[in-house]
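This briefing sets out the architecture, the interfaces and the charged pairs of the structure shown below. Please read it alongside the sequence and the coordinates.

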Amino acid sequence: MTRAGTLSRRLTQQNVALALLLLLVGVLVLGPLLVLVRTSFAPAGTAPLETTVVTLDNYRAMLASPDTLVLLRNTLVYAVGSVTIAVALATAVAWLTERTDMPGQVLVRILMFSWMAVPPLVLGFGWILLINPGQGLLNVWARAWFGATDAPFTLYSMWTLIVITALAAVPTAFVMVSGLLRNIDPQLEQAGKVLGGSAWSVVRRITLPLLTPGILSVVIYMFMAVVQTFDLPLIIGLTARIPVLSTRVYLLSSPDRGIPNYGLSSTFGIFLLLLASLLMWGYLHATRVGERFRVVTGKGFRPRRLVLGPWRWPALGGVMLYFLVMLMPLLMLFWASLFPVYRTPSLDLLAGASFASYAKAIGSSMVQRAALNTVLLVVLSGTIVMALAALVGWFSVRGGRRIGRIVDILSFAPTAIPPVVMVVAILLLYLRTPLYGTIAILVIGHVSIYLAFGARTMVAAIMQIHKELGDAALTSGASWLTSMRRITLPLVWPHMLNGWLWVVAHSARDLTIPLTLMTASNMVIASALWMMWDFPDLPGAAALSMLLVLGSLLLVVPLQIVAGRATAAPG
Amino acid sequence: MLTVESIRKRFAGAEDAPAALDGVSFHVAPGDFFTLLGPSGCGKTTTLQCIAGLEAPDSGRITMGGDVVFCSERRIAVPANRRNLGMVFQSYAIWPHMTVHENVAFPLVHGMRKAASGEVGPRVRRALERVKLDALADRPAPLLSGGQQQRVALARALVHEPRLLLLDEPLSNLDAKLRDQMRVELRQLVKSLGITTVFVTHDQTEAMAMSDRVALMRQGRVVQLGSPRDLFLKPASAFAADFMGRTNMIRGRLVQAGPPAAIATPLGLIGSDGAPGLPAGAEVFAVVRPQAVTVLPDDAPADGLANVFRGRVIAQVFLGDVVEADLAVGEGSLRVLLSPYREAPVGAALTVEIPPAHCVVVPAEER
């Protein structure tokens, strides 16, 4: 008994699990970062990790280049513009959905959530078909119907990039803002009304000020997300000659011609990382202020809704217009997928439409391999992320103060690491290992990037489970592992499934990781899509886009309908 | 059966606050019903969690039936699942994703001392019969009432025949009537099984009704240890006197250390059989339970008699089974209990006696 006791103090399942978790998360998060920092101090022309020289050359080069200022300005203009538009639109729609008697609220919510499953890459392709200067449908129509001489819609400009990004970012902002609106205690508003305020002055003087800290945190979060965005600036911004920080980091490490300049890429990466960390700090600060303002009562109350009267239908019309605009690029891609050569859409052509491109795409061995790889990638990423996240959640909530904090910080840190920086760091770390060029390295990338989201989901979930439920299993004689397996995990199962679906959907649509780490053997659907578009094989790329969107929606929509009903139900 | 020796614990992040446990020691004899009693934050639950192995003390030693389960010197800490315990939690911790049967079978199926598969069914049934829940074995756990959940928790804690049963405020979530009934049932059940039990509560009535011995705790220390009767009748401190039930705490100065002792109070001079260890001149409380005060016939002589006082009723509360009356006596006041059949309106004069044997003297510095 005594000897078992002495041993067990050090070698319990719990401590082994904790050690493994810290090791894994530490390697996943800190490993790439350390390599990134090291490479940024390496002289130009040396392979990463093969030199002992420390130099500030890269930093000098970055600071001396006039480009740097342009990059920074572009990045800021791009982020400020798209975040302003996205949050304004999202707040308006969220307010209409949560706080007025506009019809179709459940539908709006389901559409918004489902839209998050549509890859921005696909939307970008659709927009290019819609408004490119030569054959863009809207430009063709404008010329035909209004006699415009040149193209009224310019695809390759900062403004277009901003608007397209903003439209794509609205669903995410909507989800965050509607959460805020739902949590305001309606009694505060009712008090304003009882004391004689009109409906509009209540909105202006009470609702908006209460929302301000929350909205601020949404703005910072979105800002961070846009600064880190990579796919839209890549497919639209580069042709328009609008380089931003994220595309610069990518191009330096994966140039079209010439050899990669990892040193300078890392240096710009660290610059972007610092910018994101600053925003992260601002976000944490803003959410803390938000906590102080916290007016959440928790229990299912039903806020009093503003009566729009005859304006109900125009309001719904406005919201539907947004969805229509969002749908246009998808319809455009669908059209393009029906013909072997792109033709300007018209009803006369419909007779010649065929699904041949789909058959060809599905039949292609590259796509088949990519599909198999995608399934492997998303299932492995989702499962590993949620398994780690469950442990992170447990140790963060139950592991005691110090351990909880370490685990928390380690798993939350990747939020501040832009994926494009993370992937360059991963590239540097694994370039010379057998992992490079396999699916495994993509899985490593997605696990590092999505762990933060999974961890936050599981921390919240395990916090809701009474500690005594797990303790009761221990005092019943069950081991820590059995208690996890039989009690804790079955109780948080719905949250795990939800998080798993989120990771799977995001992993399937991400281009950053697969593109930067792409080799002939680890192609996935997103990178295959990029290849076909670049080749160019427009019908093939369009068909594959539609298949990807369809697959993501099939996974996400049923869940959203169930969840939408559940949140709409309590009266 | 259970020995706890000077365990100390400070929570991480609360280094400036007083220790959660500041040298707690006690011994529980086999078969005893032992209670840790005290106000919230006194360390009683932390002590229980240290015994269970859910928390580790910073230092000290815990022994169970000859096995050292925790010893800071020898760096021993047997984890909770190897201590062979049964525990009932304050929230009951009934697993909502299982049926009653699955809940109770858990220790036999997943515990350290697994039962043969043929034995599980009969043993679960016996455990459920003991708590009169055998009819509900197949019911999903969320469909149980509070009282039923409590019984399931008890069956689950006993089914694997642990050497020690730990109860963490198991009655505090029940309504008053059910609580009175469960109090009796619980004690009868554990006594009939002969299992050593450690019980945690903040309710002194519960502690007195159920326990063989009580450890009264305050600020991480055991301040008094004894039978319920000892704690109620012979409190060693103002805190113990106050905590164990309603009482008169009459402040005064010890004029004669005794025994017999005498205390100068606003009521007058009160005699007591003893004031152990206190010097004359000390500031003290005379602790007189309202039940101890004898109301004398109206025509009884009072003047000049030791410990006999005349007072006037200044307030009274009719409680049904008894009447609580506050008397103005001298410069102070005294609470007494009257029979509901006795008419004693506000303003009525009463003669009362405080028997010296029932007046306990405690130091005044703490309360």
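The points that follow are grouped by topic.

The model is predicted. Chain B is divided into domain 1 (2–233) and domain 2 (238–363), and chain A and chain B bury about 2700 Å² between them. Over all chains, a search of the whole structure finds 20 salt bridges.

**Chain B as a whole**

- The secondary structure of chain B consists of 8 helices and 21 strands.
- Along the principal axes, the C-alpha atoms of chain B occupy a box of roughly 80 × 50 × 35 Å.
- Chain B has 367 residues, of which 52% count as buried.
- Among contacts in chain B with a separation of 6 or more, 66% join residues 24 or more positions apart.

**Domain 1 and domain 2 of chain B**

- The C-alpha centres of domain 1 and domain 2 of chain B are 39 Å apart.
- In chain B, 14 residues of domain 1 are in contact with 8 residues of domain 2.
- The area buried between these two domains of chain B is about 940 Å², and carbon and sulfur atoms give 76% of it.
- On the side of domain 1, B:Gln204, B:Leu216 and B:Phe232 lose the most area to domain 2 of chain B, together 48% of what that side buries.
- Across this interface of domain 1 and domain 2 of chain B, the rule finds 0 salt bridges and 1 residue pair in polar contact, with both residues at pLDDT 80 or more.
- The elements of chain B that give two or more residues to the domain 1 side are α6 (204–210), β10 (213–218), β11 (221–226) and α7 (228–233).
- By class, the side of domain 1 that touches domain 2 of chain B has 9 nonpolar, 4 polar and 1 charged residues.

**Chain A and chain B**

- The contact takes 26 residues from chain A and 36 residues from chain B.
- Of the area of about 2700 Å² buried between chain A and chain B, 62% is on carbon and sulfur atoms.
- The count of salt bridges between chain A and chain B is 0, while 5 residue pairs across the interface are in polar contact, both residues being at pLDDT 80 or more.
- In chain A, α1 (2–10), α20 (467–475) and α21 (480–509) each supply at least two residues of the side that touches chain B.
- The residues on that side of chain A divide into 10 nonpolar, 10 polar and 6 charged.

**Charged pairs within the chains**

- A:Asp57 forms a salt bridge with A:Arg60, with the closest N and O atoms 3.1 Å apart.
- A:Asp57 and A:Arg60 are separated by about one helical turn, because they are 3 residues apart in helix α3 (residues 57–64) of chain A.
- A:Asp57 is partly exposed, at 39% relative accessible area, whereas A:Arg60 counts as exposed, at 52%.
- B:Asp22 and B:Arg8 meet through their side chains in a salt bridge (2.9 Å, N to O).
- B:Asp22 lies in strand β2 (residues 21–28) and B:Arg8 in strand β1 (residues 2–9) of chain B, so the pair ties together parts 14 residues apart in sequence.
- B:Asp22 is partly exposed at 24% relative accessibility, and B:Arg8 is partly exposed at 39%.
- B:Glu169 forms a salt bridge with B:Lys44, the closest N and O atoms being 3.8 Å apart.
- This pair links distant parts of the chain, 125 residues apart: B:Glu169 is in the loop between β8 (164–168) and α5 (176–193) of chain B, and B:Lys44 is in helix α1 (residues 44–52) of chain B.
- Both B:Glu169 and B:Lys44 are buried.
- B:Arg246, B:Glu324, B:Asp326 and B:Arg335 are joined into one network by salt bridges that share partners.

Terms used:
Residues numbered from 1 in each chain as written. Chains lettered and ligands numbered in written order. Predicted model: local features only at pLDDT ≥ 70, side-chain atom pairs only at ≥ 80, totals over all residues. Heavy atoms only, no water. Domains from an automatic or database assignment. Contact = heavy atoms within 4.5 Å. Buried area = accessible area lost by both parts, 1.4 Å probe. Salt bridge = Lys/Arg side-chain N within 4 Å of Asp/Glu carboxyl O. Polar contact = N/O pair within 3.5 Å; in protein donor to acceptor, adjacent residues only side chain to side chain. Helix = DSSP H or I, 4+ residues; strand = E, 2+ residues; numbered from the N terminus. Nonpolar A, V, L, I, M, F, W, Y, C, P; charged D, E, K, R; others polar. Buried < 20%, exposed > 50% of the residue type's maximum accessible area, 1.4 Å probe, protein only.
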